[in-house]
Amino acid sequence: MAAAAVNDPVLATASSRRSESVSNTFLLRMGHMKSSRWWNAFGSLYRGGMISFLGLGRMGVPMARRLVAAGHKVTVWNRTPRTIEGAASAASPAEAVAEADLVITMLADPAAVKRVLSDAAPGLRRGALVVEMSTIGPEAVAELRDRLPAQVGLVDAPVLGSVGPAADGTLTVLAGGSPGELARCRETLKVFGRVREVGGLGAGAATKLAVMSALVPAQVLLAETVAYAEATGVDTSVLLDVLGDTPLGPLVERVRPVVETGPPETRYALGLAAKDLVLASHPAQTLAAAARDRLLDAASAGLGGRDLTAVFGHAGAAGRTGVRKLNPASVPATNGYYSHATRAGNLLFVSGQVALDADGRVVGEGDMTRQSEYVMDLLARVLADQGCTFDDVTHIRTFLTDMSLLPEYGAVRGRHITGAPPASTTVEVSRLFVPGLMIEIEVVAAVPATP
């Protein structure tokens, strides 16, 4: 009743002086609470405001449906327009968030999250809370916090589980944020499954990557084990039976149907698994790095949209070709349509490197010296990943958009290739694939024999 009195102008102007005094006192107290941290938590639950859900992919659709089924007022947006029964649809991110108290993002990667929230920013309400549920890593979460207005809250809450648990509401939500902001979204997140509050902002993203650094490589390890068994004449059914009696048993039973009948419909895309391991790249993660390279290899072979378990067939095929696809974590990730390098025996073929940073922005636009330095540094990192230096390069091919700037490039190249020069080809082209790029360089190298 008291809450109704606060919002009812008739009750607020009751004729009784005593009632007016009581109402004014209540209003003053509520005003004080509104300015307190307590109000941040209570007020959101009290208002029961609209939820905006951005991203209707494999996970987003069932999650948005659960919000609607739980009785929430929901507005959805997706880059390719889709609808959710019972939810309103918006034409743009800004429109979707315009009336929202809570904004949930479930998108493919850090670049998509940054782009969509940038588009949504003009519509964000003061006091709104963004709950970022994609897998983007703690660094990207910190960058989002810097980009969002100070009056907009942020919680990172990636999930463990795939499409089935998303539909059933049995996901594990790994939530990171301040106590007050976690309290504001806690009940809503329970719609998706079990909520584990793992620390401050970014802790959810970091925990998710740590977990995936164990789970994904375990599946890749089993795929390579099955490929080894097939190559050496071991009966795979017997192998799986034996492994089923070890601590790997639960995972073995999950993948047994894949070995026997092939991958299921996509639940956790192989390309997204590769992206997760790229985000988790760390010097301590040697096994995860090997699994990452295996998955990037499979993605470059066209399996990125298939279920992660498609790596089982790919591991055997890769062993037969003898060609390894390489994507070192020391350089910005590719767009998924090529690998940074391939290796066949002791020959290393490095794709053309250009001056683009991790966000796809041109480095040193209009500056041939700066772009040349950046590209040579990328080449050095890819070579180093396989134990090579520029001394091991057998051929270098350079594409320039302006041959008159060859001396500037030559000066940079001379600082990196100091011994006898390798075979070389230099070509002038009208343009490269991104406006502003001035140079692209590819190399072939001979990998030194291991002592």
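The crossing of α12 and α13 is left-handed, meaning the near helix is turned anticlockwise from the far one by less than a right angle, with clockwise being right-handed. This is a predicted model, where local features need pLDDT of at least 70, side-chain atom pairs count only at pLDDT 80 or more, and totals for chains, interfaces and linings use all residues. Residues are numbered from 1 along each chain as its sequence is written, and side-chain values use heavy atoms, leaving out hydrogens and water.

On the α12 side, the contact (heavy atoms within 4.5 Å) is made by Thr236, Ser237, Leu240, Asp241, Leu243 and Gly244; α13 brings Gly249, Val252, Glu253, Arg256 and Val259.

Here are the two pairs, with helices being DSSP runs (H or I, at least four residues) numbered from the N terminus, and axes being lines fitted to C-alpha atoms over the stretch in contact, with angles from 0 to 180 degrees between N-to-C directions.

| Helices | Angle | Axes |
|---|---|---|
| α12 (residues 236–244), α13 (residues 249–261) | roughly 160° | within 8 Å |
| α17 (residues 368–385), α18 (residues 406–416) | about 30° | 8 Å apart |

So α17 runs roughly parallel to α18 (angles under 35 degrees). Their crossing is right-handed. From α17, Met368, Thr369, Ser372, Glu373 and Met376 meet Glu408, Tyr409, Val412, Arg413, Arg415 and His416 of α18. Sorted by class, that contact has four nonpolar, three polar and four charged residues; Ala, Val, Leu, Ile, Met, Phe, Trp, Tyr, Cys and Pro count as nonpolar, Asp, Glu, Lys and Arg as charged, and the others, Gly among them, as polar.

Key
Angles under 35 degrees count as roughly parallel, over 145 as roughly antiparallel, 65 to 115 as roughly perpendicular and the rest as oblique.
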